[in-house]
Amino acid sequence: MASGPILRLKGVSKAFRVGPRTLGRPRLLLRALSDVNLEVEAGTTLGIVGESGCGKSTLARIIVGLTQPDAGVVAYEGADLTDLHRRPPAVALGIQMVFQDPYSALNPRMRVGDTILEPLRVHKVVAPQEAPDERDRLLEIVGLSPALARRYPHELSGGQRQRVNIARALSVRPKVIVADEAVSSLDVSVQGQILNLFSDLRDQLGLTMIFVSHDLNVVDHLCERVAVMYLGRIVEEGRGSLLSQGARHPYTRGLASAVPQPIPGRRRVQPAIGGELPSPTNPPSGCVFRSRCPDVQPLCAEVAPTLDPMGPDHRAACHFPLTLRFETPGGRDAADDLTVSSTS
Ligand SMILES: Nc1ncnc2c1ncn2[C@@H]1O[C@H](COP(=O)(O)OP(=O)(O)O)[C@@H](O)[C@H]1O
Ligand SMILES: [Mg+2]
(Lines give C-alpha, C1' and ligand atoms only; values in the text may rest on other atoms or scores of the structure.)
(Ligands and ions follow the chains in the order given, each with its own letter.)
Protein backbone atom coordinates (compact mmCIF):
# COMPACT_ATOMS: atom_id res chain seq x y z
CA MET A 1 0.00 0.00 0.00
CA ALA A 2 1.18 3.51 -0.74
CA SER A 3 2.26 5.49 2.28
CA GLY A 4 -0.14 8.05 3.66
CA PRO A 5 -2.50 8.07 6.57
CA ILE A 6 -4.07 4.70 7.38
CA LEU A 7 -6.99 6.56 8.92
CA ARG A 8 -8.38 9.93 7.96
CA LEU A 9 -11.32 11.81 9.44
CA LYS A 10 -12.65 14.86 7.68
CA GLY A 11 -15.32 17.18 9.03
CA VAL A 12 -16.75 14.52 11.34
CA SER A 13 -19.70 15.76 13.40
CA LYS A 14 -22.18 14.03 15.65
CA ALA A 15 -25.09 15.43 17.67
CA PHE A 16 -27.50 13.69 20.02
CA ARG A 17 -31.05 14.76 20.90
CA VAL A 18 -31.30 14.89 24.67
CA GLY A 19 -33.72 15.97 27.39
CA PRO A 20 -37.43 15.33 27.85
CA ARG A 21 -39.81 15.06 24.93
CA THR A 22 -42.22 17.91 25.47
CA LEU A 23 -45.08 18.56 23.09
CA GLY A 24 -44.39 21.51 20.81
CA ARG A 25 -40.84 21.99 22.05
CA PRO A 26 -37.84 20.45 20.32
CA ARG A 27 -35.44 18.37 22.40
CA LEU A 28 -32.04 19.87 23.07
CA LEU A 29 -29.29 19.26 20.56
CA LEU A 30 -26.07 18.05 22.18
CA ARG A 31 -23.13 18.50 19.86
CA ALA A 32 -20.82 15.68 20.89
CA LEU A 33 -18.42 16.25 17.97
CA SER A 34 -18.03 19.30 15.76
CA ASP A 35 -15.99 19.20 12.57
CA VAL A 36 -13.26 16.83 13.68
CA ASN A 37 -10.34 16.44 11.27
CA LEU A 38 -7.65 13.92 11.99
CA GLU A 39 -5.02 11.86 10.21
CA VAL A 40 -3.24 8.84 11.64
CA GLU A 41 -0.11 7.47 9.98
CA ALA A 42 0.28 3.70 9.85
CA GLY A 43 2.34 2.28 12.69
CA THR A 44 2.03 5.34 14.91
CA THR A 45 0.21 5.83 18.19
CA LEU A 46 -2.14 8.76 18.56
CA GLY A 47 -3.39 9.83 21.98
CA ILE A 48 -6.75 11.54 22.32
CA VAL A 49 -7.10 13.44 25.58
CA GLY A 50 -9.55 15.76 27.26
CA GLU A 51 -11.92 15.94 30.17
CA SER A 52 -14.82 13.58 30.60
CA GLY A 53 -17.67 14.43 28.23
CA CYS A 54 -15.53 16.11 25.55
CA GLY A 55 -16.45 13.51 22.92
CA LYS A 56 -13.55 11.04 23.05
CA SER A 57 -15.69 7.89 23.19
CA THR A 58 -18.03 9.18 20.49
CA LEU A 59 -15.00 9.71 18.27
CA ALA A 60 -13.64 6.23 19.10
CA ARG A 61 -17.01 4.62 18.36
CA ILE A 62 -17.25 6.41 15.02
CA ILE A 63 -13.76 5.20 14.06
CA VAL A 64 -14.52 1.55 14.84
CA GLY A 65 -17.98 1.77 13.29
CA LEU A 66 -20.21 1.52 16.36
CA THR A 67 -21.70 4.98 15.79
CA GLN A 68 -22.66 6.63 12.53
CA PRO A 69 -21.51 10.25 12.17
CA ASP A 70 -24.07 12.89 11.10
CA ALA A 71 -21.58 14.48 8.72
CA GLY A 72 -18.03 14.08 7.52
CA VAL A 73 -15.90 11.29 6.16
CA VAL A 74 -14.03 8.43 7.82
CA ALA A 75 -11.50 6.82 5.50
CA TYR A 76 -9.39 3.73 6.18
CA GLU A 77 -6.55 2.98 3.78
CA GLY A 78 -8.21 5.40 1.42
CA ALA A 79 -11.61 3.65 1.47
CA ASP A 80 -14.61 5.61 2.72
CA LEU A 81 -16.09 3.93 5.79
CA THR A 82 -18.57 6.60 6.70
CA ASP A 83 -21.67 4.61 5.84
CA LEU A 84 -21.67 1.84 8.42
CA HIS A 85 -24.05 -0.29 6.41
CA ARG A 86 -21.64 -0.35 3.53
CA ARG A 87 -18.53 -0.89 5.61
CA PRO A 88 -16.92 -4.02 4.13
CA PRO A 89 -16.51 -6.78 6.76
CA ALA A 90 -12.80 -7.13 6.04
CA VAL A 91 -12.34 -3.46 6.76
CA ALA A 92 -14.43 -3.65 9.92
CA LEU A 93 -12.07 -6.35 11.19
CA GLY A 94 -9.08 -4.16 10.43
CA ILE A 95 -10.07 -1.72 13.18
CA GLN A 96 -10.68 -3.25 16.60
CA MET A 97 -11.62 -1.66 19.90
CA VAL A 98 -10.49 -2.42 23.44
CA PHE A 99 -12.97 -1.06 25.98
CA GLN A 100 -12.56 0.44 29.42
CA ASP A 101 -14.20 -2.21 31.54
CA PRO A 102 -12.37 -5.50 31.07
CA TYR A 103 -15.09 -7.46 32.87
CA SER A 104 -18.29 -6.39 31.14
CA ALA A 105 -16.59 -6.78 27.77
CA LEU A 106 -16.26 -10.54 28.39
CA ASN A 107 -19.07 -13.09 28.43
CA PRO A 108 -19.08 -14.31 32.06
CA ARG A 109 -20.35 -17.77 31.05
CA MET A 110 -17.72 -18.35 28.42
CA ARG A 111 -14.30 -19.81 29.12
CA VAL A 112 -11.45 -17.49 28.24
CA GLY A 113 -10.24 -19.86 25.53
CA ASP A 114 -13.66 -19.94 23.85
CA THR A 115 -13.85 -16.15 23.99
CA ILE A 116 -10.75 -16.08 21.81
CA LEU A 117 -11.74 -19.05 19.63
CA GLU A 118 -15.09 -17.50 18.75
CA PRO A 119 -13.82 -14.72 16.45
CA LEU A 120 -11.22 -17.11 14.99
CA ARG A 121 -14.04 -19.44 13.94
CA VAL A 122 -16.61 -16.82 12.93
CA HIS A 123 -14.17 -14.93 10.75
CA LYS A 124 -12.25 -18.04 9.60
CA VAL A 125 -8.93 -16.46 10.53
CA VAL A 126 -7.21 -19.87 10.53
CA ALA A 127 -8.25 -23.39 9.52
CA PRO A 128 -10.44 -25.03 12.21
CA GLN A 129 -7.77 -27.56 13.20
CA GLU A 130 -5.27 -24.74 13.75
CA ALA A 131 -7.58 -22.66 15.95
CA PRO A 132 -6.45 -24.11 19.33
CA ASP A 133 -2.80 -23.40 18.52
CA GLU A 134 -3.71 -19.92 17.41
CA ARG A 135 -5.64 -19.38 20.66
CA ASP A 136 -2.60 -20.41 22.70
CA ARG A 137 -0.35 -18.19 20.60
CA LEU A 138 -2.65 -15.21 21.20
CA LEU A 139 -2.69 -15.86 24.96
CA GLU A 140 1.10 -15.95 24.96
CA ILE A 141 1.35 -12.75 22.90
CA VAL A 142 -0.58 -10.90 25.62
CA GLY A 143 1.52 -12.45 28.37
CA LEU A 144 -0.93 -15.11 29.60
CA SER A 145 -0.33 -18.82 30.08
CA PRO A 146 -2.33 -21.00 27.64
CA ALA A 147 -3.40 -22.90 30.77
CA LEU A 148 -5.73 -19.96 31.51
CA ALA A 149 -7.87 -20.90 28.49
CA ARG A 150 -10.01 -23.15 30.73
CA ARG A 151 -10.79 -20.42 33.24
CA TYR A 152 -13.85 -18.16 33.42
CA PRO A 153 -13.54 -14.35 33.52
CA HIS A 154 -14.43 -14.13 37.23
CA GLU A 155 -11.44 -16.34 38.02
CA LEU A 156 -9.05 -13.76 36.52
CA SER A 157 -7.66 -10.48 37.84
CA GLY A 158 -8.60 -7.19 36.17
CA GLY A 159 -5.26 -7.04 34.39
CA GLN A 160 -5.61 -10.63 33.13
CA ARG A 161 -9.11 -9.88 31.87
CA GLN A 162 -7.89 -6.86 29.97
CA ARG A 163 -5.16 -9.06 28.44
CA VAL A 164 -7.90 -11.46 27.28
CA ASN A 165 -9.79 -8.57 25.70
CA ILE A 166 -6.65 -7.51 23.91
CA ALA A 167 -6.03 -11.08 22.69
CA ARG A 168 -9.59 -11.21 21.41
CA ALA A 169 -9.19 -7.89 19.59
CA LEU A 170 -5.92 -9.13 18.05
CA SER A 171 -7.41 -12.48 16.98
CA VAL A 172 -8.81 -11.07 13.72
CA ARG A 173 -5.41 -9.54 12.90
CA PRO A 174 -6.39 -5.89 12.87
CA LYS A 175 -4.11 -3.12 11.68
CA VAL A 176 -5.62 -0.50 13.97
CA ILE A 177 -6.45 -0.83 17.67
CA VAL A 178 -8.63 1.81 19.31
CA ALA A 179 -8.28 1.63 23.10
CA ASP A 180 -10.91 3.67 24.94
CA GLU A 181 -9.79 4.29 28.53
CA ALA A 182 -8.37 0.77 28.38
CA VAL A 183 -6.44 1.07 31.64
CA SER A 184 -8.66 3.52 33.55
CA SER A 185 -10.47 0.91 35.62
CA LEU A 186 -7.30 -1.00 36.57
CA ASP A 187 -5.16 -0.61 39.67
CA VAL A 188 -2.34 1.86 39.16
CA SER A 189 0.31 -0.87 39.43
CA VAL A 190 -1.46 -2.92 36.75
CA GLN A 191 -1.98 0.08 34.46
CA GLY A 192 1.75 0.32 33.80
CA GLN A 193 1.94 -3.37 32.87
CA ILE A 194 -0.91 -3.10 30.40
CA LEU A 195 0.54 0.08 28.90
CA ASN A 196 3.83 -1.75 28.41
CA LEU A 197 1.95 -4.58 26.75
CA PHE A 198 0.31 -2.13 24.32
CA SER A 199 3.65 -0.60 23.52
CA ASP A 200 5.31 -4.03 22.98
CA LEU A 201 2.42 -5.17 20.76
CA ARG A 202 2.64 -2.02 18.70
CA ASP A 203 6.34 -2.62 18.10
CA GLN A 204 6.05 -6.39 17.50
CA LEU A 205 2.97 -6.34 15.29
CA GLY A 206 3.41 -2.92 13.69
CA LEU A 207 -0.02 -1.86 14.90
CA THR A 208 -1.47 1.59 14.54
CA MET A 209 -2.99 2.62 17.86
CA ILE A 210 -5.43 5.25 18.98
CA PHE A 211 -5.24 5.62 22.70
CA VAL A 212 -8.16 7.47 24.24
CA SER A 213 -7.70 8.67 27.80
CA HIS A 214 -8.66 11.42 30.20
CA ASP A 215 -5.35 10.66 31.91
CA LEU A 216 -2.45 12.60 30.47
CA ASN A 217 0.15 10.35 32.05
CA VAL A 218 -1.18 7.45 30.04
CA VAL A 219 -0.97 9.36 26.78
CA ASP A 220 2.38 10.92 27.59
CA HIS A 221 3.78 7.46 28.27
CA LEU A 222 2.69 5.84 25.04
CA CYS A 223 1.87 8.25 22.24
CA GLU A 224 4.09 9.97 19.73
CA ARG A 225 1.20 12.16 18.63
CA VAL A 226 -1.62 13.66 20.61
CA ALA A 227 -4.91 15.39 19.89
CA VAL A 228 -6.44 17.45 22.68
CA MET A 229 -10.23 17.70 22.71
CA TYR A 230 -12.52 20.22 24.35
CA LEU A 231 -16.32 20.26 24.01
CA GLY A 232 -16.39 18.08 20.94
CA ARG A 233 -13.59 19.83 19.09
CA ILE A 234 -9.89 19.19 18.61
CA VAL A 235 -8.23 22.29 20.06
CA GLU A 236 -4.60 21.26 19.64
CA GLU A 237 -2.71 18.53 17.86
CA GLY A 238 0.95 17.68 17.58
CA ARG A 239 3.79 15.60 18.94
CA GLY A 240 3.27 13.81 22.24
CA SER A 241 5.72 16.10 23.96
CA LEU A 242 3.37 19.04 23.50
CA LEU A 243 1.47 17.92 26.56
CA SER A 244 4.32 18.56 28.91
CA GLN A 245 6.26 21.11 26.86
CA GLY A 246 5.35 23.29 23.95
CA ALA A 247 1.57 23.64 24.36
CA ARG A 248 0.21 26.61 22.42
CA HIS A 249 -3.42 26.31 23.50
CA PRO A 250 -4.22 27.52 27.03
CA TYR A 251 -6.40 24.44 27.56
CA THR A 252 -3.51 22.08 26.79
CA ARG A 253 -1.29 24.04 29.15
CA GLY A 254 -3.94 23.68 31.82
CA LEU A 255 -4.10 19.94 31.27
CA ALA A 256 -0.33 19.61 31.21
CA SER A 257 0.14 21.46 34.47
CA ALA A 258 -1.91 18.73 36.10
CA VAL A 259 0.68 16.08 35.22
CA PRO A 260 3.68 16.41 37.47
CA GLN A 261 4.04 12.74 38.32
CA PRO A 262 5.14 9.99 35.98
CA ILE A 263 2.79 7.50 37.62
CA PRO A 264 -0.17 6.54 35.43
CA GLY A 265 -3.52 7.25 37.00
CA ARG A 266 -2.29 9.47 39.81
CA ARG A 267 -3.72 12.77 38.70
CA ARG A 268 -6.97 13.67 37.06
CA VAL A 269 -7.08 16.53 34.58
CA GLN A 270 -9.77 18.64 36.22
CA PRO A 271 -7.91 20.46 39.02
CA ALA A 272 -5.60 22.63 36.90
CA ILE A 273 -8.38 24.34 34.94
CA GLY A 274 -10.72 26.65 36.76
CA GLY A 275 -14.43 27.11 36.14
CA GLU A 276 -17.16 24.78 35.04
CA LEU A 277 -17.20 22.78 31.84
CA PRO A 278 -20.02 24.42 29.80
CA SER A 279 -22.95 22.26 28.74
CA PRO A 280 -22.46 20.77 25.28
CA THR A 281 -26.12 21.62 24.64
CA ASN A 282 -25.29 25.30 25.04
CA PRO A 283 -21.62 25.92 24.21
CA PRO A 284 -20.15 29.45 24.40
CA SER A 285 -20.14 31.53 21.21
CA GLY A 286 -16.85 31.98 19.39
CA CYS A 287 -14.13 29.96 21.07
CA VAL A 288 -15.72 27.21 23.17
CA PHE A 289 -12.91 27.43 25.73
CA ARG A 290 -13.30 31.16 26.36
CA SER A 291 -15.46 30.81 29.48
CA ARG A 292 -12.55 29.13 31.28
CA CYS A 293 -9.60 30.67 29.47
CA PRO A 294 -7.13 32.73 31.54
CA ASP A 295 -6.09 34.67 28.41
CA VAL A 296 -9.57 35.47 27.04
CA GLN A 297 -10.01 38.60 24.84
CA PRO A 298 -13.14 40.21 23.32
CA LEU A 299 -12.48 38.63 19.92
CA CYS A 300 -12.82 35.16 21.47
CA ALA A 301 -16.57 35.65 21.99
CA GLU A 302 -17.05 36.77 18.39
CA VAL A 303 -15.06 34.40 16.21
CA ALA A 304 -14.41 30.68 16.56
CA PRO A 305 -10.70 30.02 16.03
CA THR A 306 -9.71 27.43 13.44
CA LEU A 307 -7.03 24.76 13.91
CA ASP A 308 -4.07 26.60 12.40
CA PRO A 309 -0.45 25.54 11.95
CA MET A 310 1.74 26.51 14.89
CA GLY A 311 4.94 25.02 13.55
CA PRO A 312 5.99 21.78 11.96
CA ASP A 313 3.47 19.05 12.69
CA HIS A 314 1.59 21.19 15.18
CA ARG A 315 -1.82 22.85 15.07
CA ALA A 316 -3.85 24.79 17.61
CA ALA A 317 -7.22 26.56 17.57
CA CYS A 318 -6.56 29.78 19.49
CA HIS A 319 -6.64 33.48 18.55
CA PHE A 320 -3.96 34.25 21.12
CA PRO A 321 -1.75 31.18 21.31
CA LEU A 322 0.88 30.93 23.98
CA THR A 323 4.30 32.02 22.82
CA LEU A 324 7.30 29.77 23.03
CA ARG A 325 10.70 30.42 24.48
CA PHE A 326 13.52 28.35 23.00
CA GLU A 327 16.14 26.98 25.33
CA THR A 328 18.93 24.61 24.41
CA PRO A 329 20.48 23.33 27.60
CA GLY A 330 23.36 20.97 26.98
CA GLY A 331 23.05 21.29 23.21
CA ARG A 332 19.90 19.17 23.00
CA ASP A 333 17.44 19.60 20.17
CA ALA A 334 15.78 22.96 20.71
CA ALA A 335 12.39 21.56 19.78
CA ASP A 336 12.61 19.12 22.68
CA ASP A 337 13.05 21.94 25.13
CA LEU A 338 10.23 24.26 24.30
CA THR A 339 8.94 26.02 27.36
CA VAL A 340 5.86 28.08 27.52
CA SER A 341 5.15 31.59 28.61
CA SER A 342 1.96 33.54 28.22
CA THR A 343 1.52 36.11 25.46
CA SER A 344 -0.08 38.67 27.73
N1 LIG B 1 -25.91 8.03 23.00
C2 LIG B 1 -25.87 9.27 23.52
N3 LIG B 1 -27.00 9.99 23.70
C4 LIG B 1 -26.97 11.23 24.20
N5 LIG B 1 -25.83 11.87 24.56
C6 LIG B 1 -24.67 11.21 24.40
C7 LIG B 1 -24.61 9.88 23.88
N8 LIG B 1 -23.31 9.49 23.85
C9 LIG B 1 -22.60 10.52 24.31
N10 LIG B 1 -23.40 11.57 24.65
C11 LIG B 1 -22.97 12.87 25.15
O12 LIG B 1 -21.97 13.34 24.25
C13 LIG B 1 -20.94 14.00 24.97
C14 LIG B 1 -19.63 13.31 24.68
O15 LIG B 1 -19.67 12.03 25.30
P16 LIG B 1 -18.45 11.01 25.19
O17 LIG B 1 -18.09 10.86 23.75
O18 LIG B 1 -18.83 9.79 25.93
O19 LIG B 1 -17.28 11.79 25.93
P20 LIG B 1 -15.97 11.26 26.69
O21 LIG B 1 -15.70 9.88 26.21
O22 LIG B 1 -14.90 12.25 26.31
O23 LIG B 1 -16.26 11.30 28.15
C24 LIG B 1 -21.34 13.97 26.44
O25 LIG B 1 -21.97 15.18 26.74
C26 LIG B 1 -22.30 12.81 26.50
O27 LIG B 1 -23.23 13.00 27.55
MG1 LIG C 1 -15.40 8.11 27.26
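At what angle do helix α5 and helix α6 pack, and how far apart are their axes? In this predicted model, for which local features need pLDDT of at least 70, side-chain atom pairs count only at pLDDT 80 or more, and totals for chains, interfaces and linings use all residues, side-chain values use heavy atoms, with hydrogens and water left out. Residues are numbered from 1 along each chain as its sequence is written, while chains are lettered from A and ligands numbered from 1 in the order in which they are written.

Helix α5 (residues 158-171) packs against helix α6 (residues 188-205) at an angle of about 20°, and their axes lie 10 Å apart. Axes are lines fitted to C-alpha atoms, for helices over the stretch in contact, and angles run from 0 to 180 degrees between N-to-C directions. Helices (H or I, at least four residues) and strands (E, at least two) are DSSP runs numbered from the N terminus. The two helices α5 and α6 are therefore roughly parallel to each other; angles under 35 degrees count as roughly parallel, over 145 as roughly antiparallel, 65 to 115 as roughly perpendicular and the rest as oblique. Their crossing is right-handed, a term that applies if the near helix is turned clockwise from the far one by less than a right angle.

Helix α5 also meets helix α3 (residues 112-122), with the axes coming within 8 Å and crossing at roughly 15°. This makes α3 roughly parallel to α5. The crossing of α3 and α5 is right-handed.

Ligand 1 is surrounded by 13 residues, the closest being G53, G55, K56, S57 and T58; a residue is near a molecule if one of its heavy atoms lies within 4 Å of it. At least two residues of this shell come from each of β1 (5-18), β2 (28-41) and α1 (56-64). The largest share, 3 residues, is supplied by α1.

Polar contacts are pairs of N or O atoms within 3.5 Å. An N or O atom in the side chain of T58 is 2.6 Å from an oxygen atom of ligand 1. For G53, a backbone N or O atom lies 2.6 Å from an oxygen atom of the ligand, and for C54 the corresponding distance from a backbone N or O atom is 3.2 Å. Taken alone, ligand 1 exposes 560 Å², of which the protein buries 63% (Shrake-Rupley method, 1.4 Å probe).

How values were computed. Polar contact = N/O pair within 3.5 Å; in protein donor to acceptor, adjacent residues only side chain to side chain.
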